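Trainee: I would like to take a close look at a single part of this chain with you. Could you walk me through one spot in detail and then show me its wider setting?

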Amino acid sequence: MRALVQNGYGGPEMLAVTDVPEPGPPGPGRVAIAVHAAGVHAGDVWIMRGEPLVLRAAFGWKRPKKPVGRDVAGVVSAVGDGVTNVAVGDRVFAESDQAGFAETAVIDARFVRRAPANLDDVHAAVIPVSGTTALQALRLAGVSPGDRVLVIGASGGVGTYVVQLAAAMGATVTGVASGAKADHVRAAGATRVIDHRTEDVTADGATYDVVIDLVAAQSLGALTRILAPRGTLVLSAGTGSRTFGPLPRMAAAMLRSPFTRRRLVSLAARRNGDDLDALRAYAEAGELRPVVDEVFPLDRAPEALAQLASGRVRGKVAIRLRGGDDETDVAEATAQPSSTAP
């Protein structure tokens, strides 16, 4: 089968599409999926680069033990013993525990769910990692109807879903993004957009019940000051140092939190099949609308990661592995970068 392989840490030049052995039959509790499309998310870029360096302790010191690619959508081709939640022929989406940028993926059945009926494979494939992260961030914050929610990094893959889901939960959402992406953030459900290039979100006098920080561009002290007296700050990812990434910032939040009435918490998103069920329900209700900026064929997968790493993407980037018309998909997605799934 064809798959994206990674020869070491670095840029897209370390990635190549080649023929690899087809995986064997799925073992007990596992599912084989004929992958039709795969989503690209920020974690794939980190794994490609091997940064922050602490990441290599888990993924491998010289090269990742498992190449990039976690988000997949496709059709179940085989199931192992004991699998009851899906059957051969089911159309599914999942967060893979192996390389997802391959024509076949074998995944733990606990993390495989039926794909949203109203989304095509490309739009379903870009949900799992980013959608789960967004949902878990909002749950951790305890978002309720009427809450004032600030999303820093609102135009990215996770940020777009945070805006959409917070709005679906009845919150009033303000997004922080570049001015060029303001229309995209408003379309996702934000009532106000702050251009981080020209405005300081911590200096305009507004306060929020919840702040979801996906960028780590402001100090903890500045973010704490714009929280309501019982407000919650959720830290998720961000760049941080080359060695430890966002970990020092998250540790500082943990140490600071007991000395303020405000909650300062860090999110470590986890794979959760039940969350995929919840995201499917939001999607089928029209409240979660994946935005795909560009679609690449598998042979151009390294370009897909380079595009995401560029910071120019609105929403998500996807890779098509089977079916469809790649060139048409690319043209349509490029012409309408803020369009949502039908």
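Mentor: Let's begin with A216, which is partly exposed because its relative accessible area is 23%, and the cut-off for buried is under 20%. This is a predicted model, so please read every value here as computed from it. A216 sits in the loop that links β11 (208-213) and α7 (220-225). Most residues other than glycine have a negative phi.

Now for a helix elsewhere in the chain. Just after α10, G311 also takes a positive phi, of about 85°. Helix α10 itself covers residues 301-309, and its buried residues are A301, P302, A304, L305, Q307 and L308. An α-helix has 3.6 residues a turn, so residues three or four places apart point the same way. The buried residues of α10 pack against several strands, namely β1 (2-6), β2 (15-19), β3 (30-40), β14 (292-297) and β15 (316-320), and against the helix α1 (42-49).

Stepping back to the chain as a whole, you will find eleven helices and 15 strands. Of the 342 residues, 56% are buried. Taking contacts between residues at least 6 apart in sequence, 69% join residues at least 24 apart. The accessible surface of the chain comes to about 13,900 Å², and carbon and sulfur atoms account for 53% of that area.

Definitions and conventions:
Residues numbered from 1 in each chain as written. Predicted model: local features only at pLDDT ≥ 70, side-chain atom pairs only at ≥ 80, totals over all residues. Heavy atoms only, no water. Helix = DSSP H or I, 4+ residues; strand = E, 2+ residues; numbered from the N terminus. Buried < 20%, exposed > 50% of the residue type's maximum accessible area, 1.4 Å probe, protein only. Contact = heavy atoms within 4.5 Å. Areas by Shrake-Rupley, 256 points an atom, 1.4 Å probe, with all protein chains shown as cover.
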